Amino acid sequence: MIPRYQRILFWCLVAAILIVAAFLYHAHRQTQRRLAAPADETPIAAPVSTSTQDVTLYLANDADATVAPSQVSFALPDDPTSRARALLDHLLNSYAQPGSAHPLQGGPAVEDVFLVPNTPSTDTHSTDKTETAIVNLTSAFCDRHPSGIQVETLTIRSIVQTLHAAFPRITQVRFLVDGQPRETLAGHADLTRTYSVTTENPQPTTSN
Amino acid sequence: MLPLRRHIAATLFLLATAAAAQQPRTTILLDPAHGGPDAGAHLANNVLEKDVTLAFAARLRAALGGANFAVLTTRDADPAAAIPPDQRAGIANHARPAACLVLHATGSGNGIHLIASALAANAPQRTIPWDTAQSTAIPQSLALAIQLDAAFVRARIPALLLRARLRPLDNLTCPAIAIELAPLDNPGGSPTPVTDAAYQQQAADAIAKALTAWRVQIAPQPAPQSTPQPAPPDTPPTGAAP
């Protein structure tokens with residue numbers, strides 16, 4: 001015969017086990033919901049507060065070796081470096097569209113754009129507010145870029161002039177590829193030098 | 001009479017040869033771009049740019065030789081190792097040619113692309129910076145580019161002139177132009193590839209004609225007669241009333 005106090009203790013322990021099991025199950029569900037929560041925050045529609053802006057893209061044309069301005073309108077981030085990167089992505093991907101006058105293959109082209117003041121920040125007396133843009137291209141973009149002096153030069157000129165049009169304080173542009181200096185874009189155009197928007201003044205001549 | 005005629009003909013030939021030898025031949029340096037492991041652009045039908053530039057240089061050398069130019073090249077074959085741009089510029093600058101032509105080929109565009117350095121023109125200095133050596137020859141390079149452009153117009157080959165920063169073009173001290181062969185668009189037909197022998201020969205002949213005209217343009221003008229000429233006896237003295 002089991003004593004009464006032992007039966008009471010047994011059922012108390014069973015009740016405690018059930019309560020702890022229910023608590024653990026509840027905590028487990030809560031943790032699962034908390035971990036899954038970021039995935040649910042993915043926007044399913046464009047933010048309605050972002051307005052499109054008019055920007056000038058300098059588009060290259062292989063037929064006459066020119067780079068001509070073209071007004072387009074699309075949404076851009078407010079942060080300058082993100083804005084510059086989005087601008088160049090839009091520019092370079094526009095060359096992948098059918099009927100492009102300067103056909104390039106599409107895909108990721110720009111890793112980052114950094115804006116660096118031309119005057120060191122320690123020089124507090126300087127009034128020079130100009131900047132150098134450092135454009136970090138992807139090696140995939142360079143590897144699939146058509147090879148030739150004219151086609152590579154026009155791509156670089158298009159990037160430099162588009163950046164200067166959107167950010168007038170950018171007066172110089174340097175290029176990196178995957179974060180490293182590279183000799184040429186696709187075998188010809190020199191990427192080791194700094195391109196100055198003030199001295200880059202193309203004067204192509206069409207003879208035929 | 002026949003031996004006498006032969007003698008006269010031989011004498012005239014020797015005189016003409018001697019006269020030609022007294023006139024210094026203009027030296028042109030050709031730089032077929034790329035070579036060795038540096039294949040350059042991969043063109044249609046698995047053709048490599050380094051092979052096209054070498055073949056075009058051979059045609060151009062023959063055309064220039066026929067126009068009485070002395071021709072030097074940075075390479076005559078496919079080298080085992082790539083020739084760096086600085087080495088090409090070094091070869092050219094030591095040779096001191098009258099002009100340098102850097103030869104390229106591409107699969108993009110149409111016709112001939114003439115590229116002059118985008119450096120700003122500078123007056124010659126005692127010390128020439130290596131990276132901007134071409135800046136002292138920019139006016140002559142542009143004059144050469146205009147002659148080439150006109151010659152291609154006459155040959156009915158589309159040509160585009162643009163300026164770019166390019167090595168070794170920027171490092172050359174002589175008048176220098178990069179010539180890039182591109183496929184030739186044919187209305188209603190497929191483009192003529194850069195490997196087409198007739199196209200290359202037509203371009204080479206046009207370049208030879210342009211350089212011939214340019215040689216005349218850059219030739220030193222004859223010095224003015226410094227010997228005073230006697231005045232005619234009836235000419236009144238300067239300042240005298242008639």
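## Close-up views of a predicted two-chain model

**View 1. Asn46(B), a residue in a loop of chain B.** Asn46(B) is found in the loop that runs between β1 (26-32) and α2 (49-66) of chain B, in a model that is predicted. Although Asn46(B) is not a glycine, its backbone has a positive phi of about 60°. The relative accessibility of Asn46(B) is 77%, and because a residue with over 50% is called exposed, Asn46(B) counts as exposed.

**View 2. Arg96(B), found in the loop between α3 and β3 of chain B.** In this loop, which lies between α3 (85-95) and β3 (99-105), Arg96(B) has a positive phi of about 50°, although this residue is not a glycine. Arg96(B) also counts as exposed, since its relative accessibility is 73%.

**View 3. A cis peptide bond in chain B, from Arg167(B) to Pro168(B).** The bond that joins Arg167(B) to Pro168(B) is cis, and its omega is near 5°. Pro168(B) itself lies in the loop between β5 (159-164) and β6 (176-181) of chain B.

**View 4. A nonpolar patch on the surface, formed by Val20(A), Phe23(A) and Leu24(A).** Together, these three residues have about 320 Å² of accessible area. One of them, Val20(A), lies in helix α1 of chain A, which covers residues 4-36. Val20(A) has a relative accessible area of 47%, so this residue is described as partly exposed; the term applies because the value falls between the limits of 20% for buried and 50% for exposed.

**View 5. The largest pocket and the residues that line it.** The largest pocket holds about 790 Å³ of space. Its lining is made of 38 residues, and those closest to the centre of the pocket are Ser147(A), His188(A), His34(B), Gly40(B) and Ala41(B). From chain B, α3 and β3 each supply at least two residues of this lining. When the lining residues are sorted by class, 17 are nonpolar, 14 are polar and seven are charged.

**View 6. Chain A, with its helices and strands.** Chain A contains four helices and seven strands, and when the chain is read along its sequence these elements follow the pattern α-β-β-α-β-β-α-α-β-β-β. Of the 208 residues in chain A, 33% are buried.

How values were computed
Residues are numbered from 1 along each chain as its sequence is written. Chains are lettered from A and ligands numbered from 1 in the order in which they are written. This is a predicted model: local features need pLDDT of at least 70, side-chain atom pairs count only at pLDDT 80 or more; totals for chains, interfaces and linings use all residues. Side-chain values use heavy atoms; hydrogens and water are left out. Patches are made of residues with over 30% relative accessible area and no salt bridge: like charges are joined within 9 Å, nonpolar side chains (Val, Leu, Ile, Met, Phe, Trp, Tyr) within 5 Å. Accessible areas come from the Shrake-Rupley method with a 1.4 Å probe; for residues, only the protein chains shown count as cover. A salt bridge is a side-chain nitrogen of Lys or Arg within 4 Å of a carboxyl oxygen of Asp or Glu. Buried means under 20% relative accessible area, exposed over 50%, partly exposed in between (1.4 Å probe, protein chains only). On a 1 Å grid over the protein atoms alone, a cavity is a set of points where a 1.4 Å probe fits but cannot get out, and a pocket is an open set with protein on both sides within 12 Å along at least five of seven lines; lining residues have an atom within 4 Å of a point. Grid points are joined across faces, edges and corners, and a volume is the space filled by probe spheres set on the points. Ala, Val, Leu, Ile, Met, Phe, Trp, Tyr, Cys and Pro count as nonpolar, Asp, Glu, Lys and Arg as charged, and the others, Gly among them, as polar.
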